[in-house]
Amino acid sequence: MPDNFESKIEEQVERLKHFSYHEIEREVAQKRIAWLILNPRAVGKPDHPSPRQAFEALFLDYMGLPAKDLPVLSETDTEIVWLSLNRCPTLEACQQLGLNTHQVCRAIYEKSTQAFLSQLDPQLRFLRSYEEIRPYTDHCKESIVRLDFDSLMRLAIKEAHASRREGNKGYGAVVVLGHEILGKAHDTAVTQHDPSRHAEVNAIRQAVQVFGDGNLSGAILFSTCEPCPMCSSLAVWANLTTIVYGVSIEETVKMGKSRIRVSAKEIIEQSPVMIEVIGEVLREECRALYI
């Protein structure tokens, strides 16, 4: 155990007393990304680093934790699952302050951990079990999974085709948490006579019902077209981790579609939460929906 571990606990106590969770989250994310920039060989820079390589880069190299404190439960080419048994300054700070680690760790470390992984490959996703988290169990159960963004966007494209068949405008959206699809929908504004019924709204509404929580931190929204300001704002209030879209608002405007010319990134930048925005996934297939 490092000699300065007690000072790390004291530092975390002070952070939790004097800064918001959002401020701490951004600080942690910035530090992790800065380390990767200074250590570009952390995973050897393969085109598609494995979950194992990402796990070792973050927990063994960056955090300096011993492998014996992170026993691996299972591992495949697309997933690694482990238990965190290491002594944790955040856990001990929460216990001193009487804070709930379900709330603190989700608010501070879920997206900041994802920010690190997304620098390696955004298709690598971090997941934590909140049913198995300290101090309520003797370990924290965590995992990194690899998703296939193209396959998930094709599910959204199928929804867009269903939209057209029903007489709507041809947008599709999917909400995913790890390997679980929480919501899959298309726009129904025309057939339901409700202008709020965009594909993303319908998918997010499904997701919160399935998940049983209005906080969708950790989840990804896939949309055939860049979400409009209304849908991007809903992604903020649902606290999604990532938005992935096919074709941009600017491009669909040029194609003659009626859009509000405010990008998803502009909405996110003005919001209190961290959401990564990734565009042009299956761009040509999505663009073909609106020709």
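These legends walk through close-up views of a predicted model of one protein chain.

**View 1. The whole chain, before we zoom in.**
Let's start with the big picture: the chain contains 11 helices and 9 strands. Its C-alpha trace spans about 65 × 40 × 30 Å along the principal axes. How does the radius of gyration compare with that of a compact globule? For 291 residues, such a globule would come out near 19 Å, and this chain has 20 Å, so the two agree. Buried residues account for 51% of the 291 residues. Now take the contacts between residues at least 6 apart in sequence: 63% of them join residues at least 24 apart.

**View 2. An antiparallel sheet made of four strands.**
Here 4 strands line up as an open sheet, in the order E1-E2-E4-E3, with antiparallel pairing. Which strands sit at the edges? They are E1 (72-75) and E3 (124-128), each of which pairs on one side only. Going from one strand to the next, the twist averages 15°. Zoom in on E2 (residues 79-84) and E4, and you'll find 6 bridges holding this antiparallel pair.

Helix H3 (residues 51-62) lies across E1, E2, E3 and E4, and H3 runs at about 35° to E2. Helix H5 (residues 101-120) lies across E3 and E4. Its angle to E3 is about 160°.

Is serine 143 buried or exposed? Its relative accessibility is 9%, so it counts as buried. Leaving out residues up to four places away in sequence, serine 143 touches Ile80, Val81, Trp82, Arg125, Phe126 and Leu127. As a handy rule for looking at any strand, side chains in a regular one alternate between the two faces of the sheet.

**View 3. A mixed sheet made of five strands.**
Next comes another open sheet, this one built from 5 strands in the order E6-E5-E7-E8-E9, and its pairing is mixed. The edges belong to E6 (180-186) and E9 (276-278), which each pair on one side only. Ignoring direction, neighbouring strands here are turned by 15° against each other on average. Helix H7 (residues 199-211) packs on this sheet and touches E5, E6 and E7. The direction of H7 makes about 145° with that of E6.

**View 4. Strand E7 and its two partners.**
Let's zoom in on E7 (residues 220-225). How many of its residues are buried? The count is 6 of 6, so this strand is mostly covered. Strand E5 (residues 172-177) runs antiparallel to E7, and 4 bridges join the two. In that pair, valine 176 stands opposite isoleucine 220 of E7. Strand E8 (residues 242-247) pairs with E7 in the parallel sense, over 5 bridges. There, phenylalanine 222 has valine 244 in E8 as its bridge partner.

**View 5. A β-α-β unit with a handedness.**
Together, E7, H8 and E8 make a β-α-β unit. Is this unit right-handed or left-handed? It's right-handed.

A quick reminder first: a disulfide is a covalent bond between the sulfur atoms of two cysteines. How many disulfides does the structure hold? The count is 0. Cysteine 105 is in no disulfide, and the nearest cysteine sulfur, belonging to cysteine 94, is 5.7 Å away. Cysteine 231 is in no disulfide either, with the nearest cysteine sulfur, that of cysteine 228, 3.7 Å away. The cut-off for a disulfide is a pair of sulfur atoms within 2.5 Å, so 3.7 Å doesn't qualify for cysteine 231. What about burial? Cysteine 105 is buried, with a relative accessible area of 11%, and cysteine 231 is buried too, at 1%.

Key
Residues are numbered from 1 along each chain as its sequence is written. This is a predicted model: local features need pLDDT of at least 70, side-chain atom pairs count only at pLDDT 80 or more; totals for chains, interfaces and linings use all residues. Side-chain values use heavy atoms; hydrogens and water are left out. Buried means under 20% relative accessible area, exposed over 50%, partly exposed in between (1.4 Å probe, protein chains only). Two strands pair if DSSP finds at least two bridges between them. A crossover is right-handed if, with the strands pointing away from the viewer, the path from the first strand over the helix to the second runs clockwise. Axes are lines fitted to C-alpha atoms, for helices over the stretch in contact, and angles run from 0 to 180 degrees between N-to-C directions. Contact means heavy atoms within 4.5 Å. The radius of gyration is taken over C-alpha atoms; the globule rule is 2.2 Å times the number of residues to the power 0.38.
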